[in-house]
Amino acid sequence: MPKPRRALAAAVVALVLPLSACGSGGDGGGSTDASGKVEGDITFQTWNLRANFKSYFDGLVADFEKKYPGAHVKWVDQPAEGYPDKLSADAGGGTLPDVVNVSPDLVAPLARAGLALDLDKAAGKYRSEYLDGAWASHRIPGMSGTYAFPWYLNTGPLFYNKALFTKAGLNPGRPPKTYDELFADALQMARKSGGQVATLANVPTIEDFGRYGVTLMNQQGSAFAFNDTKGVELLTRYKELYDAKALDPQALTATPESSGKKFLTGAVAMNPGSALDLDNFKKNAPSLYRNIGITDQITSTGHVNMYVMGVMVNSRTKHTPAAVAFAHFVTDAQNQMSFAKKVAIFPSTAGSLNDPYFTKEDGTDETRVRIAAAKSLESAVNYTPVLFSDQMKTALRNEVAKALQGKESPKQALDNAVNAANRLLQQG
């Protein structure tokens with residue numbers, strides 16, 4: 001399954017703004033009116049899903065065509081590698097499909113170029129069917145409107161080692177929920193273990209700044225703002241953890257794999273994970289497995305972070321009613337629920353997370369993690385700004401490393417990161 005990737009190349013906007021047509025409809029612009037008869041030939045593009053889910057999507061298309069005999073859907077699937085570049089080329093060449101699988105960062109340049117249909121206007125009647133945070137995830141700062149139907153969601157709980165909490169004099173039944181609680185517990189853990197056990201193995205990311213309550217961008221969406229007082233406060237506190245060895249010394253270069261190994265060996269007390277990790281603990285670290293705790297992501301806002309995929313309608317399609325109807329069909333409650341039972345994702349439709357599949361324990365590790373994650377998604381937020389590219393993430397990580405090492409003050413590091421991100425933003 002694809003994860004959020006970098007934004008499309010800046011050239012997209014320059015290429016597509018002059019275009020008069022895109023999609024399978026040929027020459028001429030499309031209509032924003034989705035109220036007409038559902039008919040015509042449309043193309044639906046997914047992102048690296050055919051290999052594992054061909055039968056599901058074949059059935060989905062067949063069901064739609066049975067419901068709307070005048071419509072025909074051609075399903076195409078693109079590999080994960082180079083998907084943003086493929087979208088960029090299609091946008092520039094006028095061959096963007098009618099209905100497209102996107103993540104928020106990928107829809108942003110297409111929306112700015114006028115190629116993503118505003119669903120608040122064309123399909124606003126469906127908005128109440130989706131979780132508020134999911135619907136809002138495909139809004140673009142500085143623009144009005146919503147530019148993709150929310151599709152599947154993902155998030156992950158935190159695992160923690162109850163034995164290490166007990167050894168540090170912490171209550172294993174009350175893991176930290178907020179950053180204030182996390183920092184206090186982490187410092188105690190480091191102190192009690194003589195610096196041998198860190199609580200965390202990763203440096204703060206843009207999602208951490210969001211969950212801490214930092215304002216990430218200005219209201220106009222024209223500049224980043226995470227170097228404010230609250231942002232500096234968060235990085236300063238991480239610096240305290242790093243100095244006290246409450247943050248793993250190798251966090252500056254950590255990968256998910258290396259962090260997982262630290263947690264497995266008891267060098268780190270908390271780590272994000274999935275049901276696959278639980279199975280690994282059971283086989284390779286039975287003592288850890290017996291002492292494993294599952295809790296929500298740390299957040300001081302009351303809302304955890306979620307990752308979201310969406311389904312965008314090409315604004316230049318010649319068959320707007322059919323394209324909107326199909327995008328809604330793919331993402332409606334029944335079809336999302338069906339998809340969620342085939343792969344470890346979560347539906348974005350309101351009420352779906354109350355299904356027994358996401359609430360009823362059956363004694364398996366997979367269900368334990370699924371229930372813990374689903375519980376937090378009802379009010380989750382996609383904290384990653386849709387305009388925050390991979391280059392910007394790298395700039396932030398590099399500056400955070402300098403601050404933790406004492407090469408720059410937290411304020412200077414975040415000023416540098418914001419300046420770098422804003423330069424990249426202006427280039428786009």
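This report describes strands, helices and some of their contacts in a predicted model.

## Basis of the description

The model is predicted, and local features are reported only where pLDDT is at least 70, with side-chain atom pairs counted only at pLDDT 80 or more, while totals for chains, interfaces and linings use all residues. Residues are numbered from 1 along each chain as its sequence is written, and side-chain values use heavy atoms, with hydrogens and water left out.

Helices (H or I, at least four residues) and strands (E, at least two) are DSSP runs numbered from the N terminus.

## The open sheet

An open sheet is formed by 6 strands in the order β2-β1-β3-β8-β4-β9, with mixed pairing, where two strands pair if DSSP finds at least two bridges between them. At the edges lie β2 (71-78) and β9 (346-347), each of which pairs on one side only. Within the sheet, β3 (residues 99-102) runs antiparallel to β8 (residues 307-313), and 4 bridges link the two; Val100 has Met312 of β8 as its bridge partner.

## Helices on the sheet

Helix α2 (residues 50-67) lies across β1 (40-47), β2 and β4 (149-154), and its direction is at about 170 degrees to that of β2. Axes are lines fitted to C-alpha atoms, for helices over the stretch in contact, and angles run from 0 to 180 degrees between N-to-C directions. Helix α2 also meets α15, and the axes of α2 and α15 come within 11 Å and cross at roughly 165 degrees. That angle makes α2 roughly antiparallel to α15, on a scale where angles under 35 degrees count as roughly parallel, over 145 as roughly antiparallel, 65 to 115 as roughly perpendicular and the rest as oblique.

The residues in contact (heavy atoms within 4.5 Å) are Phe53, Tyr56, Phe57 and Leu60 of α2 and Asn335, Ser338 and Phe339 of α15. By class, this contact of α2 with α15 has 5 nonpolar, 2 polar and no charged residues; Ala, Val, Leu, Ile, Met, Phe, Trp, Tyr, Cys and Pro count as nonpolar, Asp, Glu, Lys and Arg as charged, and the others, Gly among them, as polar.

Buried means under 20% relative accessible area, exposed over 50%, and partly exposed in between (1.4 Å probe, protein chains only).

Strand β5 runs antiparallel to β6 (residues 270-272), to which 3 bridges join it, and Tyr160 has Met270 of β6 as its bridge partner. With β7 (residues 292-295), β5 is also antiparallel, joined by 4 bridges, and here Phe159 stands opposite Ile294.

Helix α4 (residues 104-112) is mostly covered, since 8 of its 9 residues are buried, including Leu106, Val107 and Leu110. Just after α4, Gly114 takes a positive phi of about 80 degrees. In the loop between α3 (83-93) and β3 is Pro97, which counts as buried at 6% relative accessibility.

## The α10 and α18 pair

Helices α10 (residues 229-243) and α18 (residues 410-427) pack at an angle of about 120 degrees, with axes 9 Å apart, and are therefore oblique to each other. Here Gly231, Val232, Leu235 and Thr236 of α10 meet Pro410, Lys411, Ala413 and Leu414 of α18, and by class the contact has 5 nonpolar, 2 polar and 1 charged residues.
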